[in-house]
Amino acid sequence: MHLEHDPAAPAADLIGFDEFLKVDIRMGTIVSAEPYPEARKPSIKLAIDFGEGIGVKRSSAQIAALYAPEELIGRQVAAVVNFPPRQIGKMMSEVLTVGFPDEEGRVVLFALDRKVPNGARLF
């Protein structure tokens, strides 16, 4: 599912601000994390609390190469919350947890330098 991307590539095609606003990226706190060995790529099953408006959602994140489930509890992560759910192996992933590839293509989670409320929206 990850986009192959060359860091030296030029920017993508221009979009309007209204198109950007259609992608609802929120901050949430991981409340549970467990290995997901059934996934094709090293993944972890996450439950992420996005606060009162969205609640707790599940995600299958391809982050097992750099993260252990036990170190993720309590960490804030960003996720797209308005994509349709997607079947990932035996689980239904409800949100897309976002990150950036490192030099080896492993997913590095997006991190804030300060805590924000669960459900805070990227703008």
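Is Phe 20 buried, partly exposed or exposed? Phe 20 is partly exposed, because its relative accessible area is 28%. On this scale, buried means under 20% relative accessible area, exposed means over 50%, and partly exposed is in between, with a 1.4 Å probe and protein chains only.

Some ground rules. This is a predicted model, where local features need pLDDT of at least 70, side-chain atom pairs count only at pLDDT 80 or more, and totals for chains, interfaces and linings use all residues. Residues are numbered from 1 along each chain as its sequence is written, and side-chain values use heavy atoms, leaving out hydrogens and water.

Now, the aromatic rings. Rings of Phe, Tyr and Trp (its six-membered ring) pair if their centres lie within 6.5 Å; planes under 30 degrees apart are stacked, over 60 edge-to-face, and the rest tilted. By this rule there are two aromatic pairs. One of them joins Phe 17 and Phe 20: 5.8 Å centre to centre, 35° between the planes, tilted. Both residues sit in helix α1, residues 17-22. They are three residues apart, about one turn of the helix. Helices here are DSSP runs of H or I with at least four residues, strands are runs of E with at least two, and both are numbered from the N terminus. Phe 17 counts as exposed, because its relative accessible area is 55%.

Next pair. The planes of Phe 100 and Phe 110 stand at 45°, with ring centres 6.3 Å apart, so this pair is tilted. It links distant parts of the chain. Phe 100 is in strand β8 (residues 99-101), and Phe 110 is in the segment after β9 (107-109), 10 residues apart. Why is Phe 100 called exposed? Because its relative accessible area is 51%. Phe 110 is partly exposed, at 27%.

On to the sheet. Five strands form an open sheet in the order β3-β2-β1-β4-β7, with antiparallel pairing. Two strands pair if DSSP finds at least two bridges between them. At the edges are β3 (56-61) and β7 (96-97), each pairing on one side only. Inside that order, β1 (residues 25-35) and β4 (residues 76-80) pair in the antiparallel sense over five bridges. Thr 29 stands opposite Gln 76 in β4.

Last stop, Phe 83. It lies in the loop between β4 and β5 (86-88). Phe 83 is partly exposed, because its relative accessible area is 40%. Which residues does Phe 83 contact, leaving aside neighbours within four places in sequence? Glu 94 and Leu 96. Contact means heavy atoms within 4.5 Å. Phe 83 and Val 95 are 12 residues apart in sequence, yet 6.7 Å apart in space, C-alpha to C-alpha.
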